Amino acid sequence: MTTETPVCRRLTGRTAVITGAGSGIGLATARRFAAEGANVVCADIDESAGKAAAAETGGIFVQVDVTDSEQVEALFKTAYETYGSVDIAFNNAGISPPDDDSILTTGIEAWKRVQEVNLTSVYLCCKHAIPYMRRQGKGSIINTASFVAKMGAATSQISYTASKGGVLAMSRELGVQFAREGIRVNALCPGPVNTPLLKELFAKDPERAARRLVHVPAGRFAEPTEIAAAVAFLASDDSSFVNAAEFLVDGGIAGAYVTPL
Ligand SMILES: NC(=O)c1ccc[n+]([C@@H]2O[C@H](COP(=O)([O-])OP(=O)(O)OC[C@H]3O[C@@H](n4cnc5c(N)ncnc54)[C@H](O)[C@@H]3O)[C@@H](O)[C@H]2O)c1
């Protein structure tokens, strides 16, 4: 597992905006980006968690609701005005609420809320990050999708899955559109990660947890640091020819027919 402090400093002097930096994958990535030398802009709706992330990583905190166009625009403006560039956008904030379930029981309000936070937010973040990157002639955008954008689950979260499919398609198209301007856009597809979001879901439904774990060849869920290591690769020039990709970090789930005993 990638728990040690990384020795490489691939992001020195780069400015990275991370949404959902207060917790889970976003927090682990803020730590990793900072360890690799980046100026970290920690964006979150949760003020105390976001402030703590910024303090720990030596970056700045911007309170933002990623569903609000004006707030998202202000986020990237603040990043640019503070550090002079916007080199990396990790558009990662997302929700997985319990009222998003089977299509038979999920109401329209629950559906809409998940679409707003998980998909519209990525549209807004890309819309407001790309102009800075075009001016620089360089940039790396990583949008958090999920392995459920690639595979169906009978234990459905219908709006979540649909939102992540949207993130995948949008990332692919943006990666193609802006490739010749030096901007790469990739979709990160994590498998289940040991984070508060998943812990909350599975604490309510241990049977659902067990049903999922059996499909992971690695026999365990990912640690946030393992996802952060993949994000740092996508953010850095080490991935300079990786674009419009569906970047799976799933412990082998998508490749499995049966799992080892
Ligand atoms: N945990 C998993 O197993 C898993 C697997 C695949 C994909 N993902 C995706 O990874 C991303 C991060 O998930 P996580 O597990 O780290 O979640 P988390 O709940 O630990 O962290 C999410 C963060 O986003 C913030 N946030 C929520 N709504 C927001 C809003 N409207 N505006 C700004 N910030 C907001 C929260 O305050 C929180 O700090 C999500 O997009 C999630 O769908 C997670």
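On the face of helix 2 turned away from its buried side sit the exposed residues Ser-48 and Ala-55, where exposed means over 50% relative accessible area and buried under 20% (1.4 Å probe, protein chains only). This is a predicted model, in which local features need pLDDT of at least 70 and side-chain atom pairs count only at pLDDT 80 or more, while totals for chains, interfaces and linings use all residues. Residues are numbered from 1 along each chain as its sequence is written, and side-chain values use heavy atoms, with hydrogens and water left out.

Helix 2 covers residues 47-57, and its residues Gly-50, Ala-53, Ala-54 and Thr-57 are buried. Seen down the helix axis, these buried residues fall within an arc of 95 degrees, so they line one face of helix 2. They pack against helix 1 (24-35), strand 2 (39-44) and strand 3 (60-63), contact meaning heavy atoms within 4.5 Å. Helix 2 is followed by Gly-58, whose phi is positive, near 70 degrees.

Turning to the ligand, Ser-23, Asp-44, Tyr-160, Val-193 and Thr-195 come nearest of the 29 residues around it, a residue being counted if one of its heavy atoms lies within 4 Å. A polar side-chain atom of Ser-23 lies 2.6 Å from an oxygen atom of the ligand, and a backbone N or O atom of Ile-25 lies 2.8 Å from an oxygen atom of the ligand. By class, the shell around the ligand has 15 nonpolar, 10 polar and 4 charged residues, and its largest share, 3 residues, comes from helix 6.

Methods
Helices (H or I, at least four residues) and strands (E, at least two) are DSSP runs, numbered from the N terminus. The arc is that of the directions from the helix axis to the C-beta atoms. A polar contact is a pair of N or O atoms within 3.5 Å; within protein, one must be able to donate a hydrogen and the other to accept it, and residues adjacent in sequence count only if both atoms are side-chain atoms. Ala, Val, Leu, Ile, Met, Phe, Trp, Tyr, Cys and Pro count as nonpolar, Asp, Glu, Lys and Arg as charged, and the others, Gly among them, as polar.
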